Amino acid sequence: MRDFFINALDKLISVFVVLGVIGVIVASVLSMATPSEMGGAGVLGGLLLLVVGLLYIAFMAGFMYLGLGIYHNTRRTAVATEKMAGSST
């Protein structure tokens, strides 16, 4: 059951990353397309939003995947340690 939740979390992170990238792209395009009189940021503001948003998503996704990687490495280390302890006795 534990593996189900870890695998589901892995897939859920992937879905959130894709949705986040789509959201940042849409927000930056809308920001560039909206006139300044209506609250738009212009082309430079839209590009800044795009770059900063994609960097944010990359960092957050990286940290989440790093956490999952630590979990998987810890699990493999525990299995290897148990196997070594069982074979020496």
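Good morning, colleagues. Phe4 counts as exposed, because its relative accessibility is 53% and the cut-off for that class is over 50%. Please bear in mind that the structure before you is a predicted model.

Let me stay with Phe4 for a moment. How many aromatic pairs does a search of the whole structure find? The search finds one. Phe4 and Phe5 form that pair in an edge-to-face arrangement, with 5.3 Å from centre to centre and 65° between the planes. Phe5, at a relative accessible area of 48%, is partly exposed.

I turn now to helix α1, which covers residues 2-33. This helix has 32 residues, and from its first C-alpha to its last it reaches 46 Å, close to the 46 Å expected at 1.5 Å a residue. Which residues of α1 are buried? They are Ile6, Ile13, Val24, Ser28 and Ser31. Leu30, which also lies in α1, is by contrast exposed, with a relative accessible area of 52%.

Twelve residues separate Leu30 from Gly42 in sequence, and their C-alpha atoms are 9.5 Å apart in space.

Helix α2 spans residues 42-88 and contains Leu48. Is Leu48 buried or exposed? Leu48 counts as exposed, since its relative accessibility is 56%.

Finally, Leu48 belongs to a nonpolar patch on the surface.

Thank you for your attention.

Technical notes: Residues numbered from 1 in each chain as written. Predicted model: local features only at pLDDT ≥ 70, side-chain atom pairs only at ≥ 80, totals over all residues. Heavy atoms only, no water. Patch = residues over 30% accessible without salt bridge, like charges linked within 9 Å, V, L, I, M, F, W, Y side chains within 5 Å. Areas by Shrake-Rupley, 256 points an atom, 1.4 Å probe, with all protein chains shown as cover. Salt bridge = Lys/Arg side-chain N within 4 Å of Asp/Glu carboxyl O. Helix = DSSP H or I, 4+ residues; strand = E, 2+ residues; numbered from the N terminus. Buried < 20%, exposed > 50% of the residue type's maximum accessible area, 1.4 Å probe, protein only. Expected span 1.5 Å × (residues − 1). Phe/Tyr/Trp six-rings, centres within 6.5 Å; stacked < 30°, edge-to-face > 60°.
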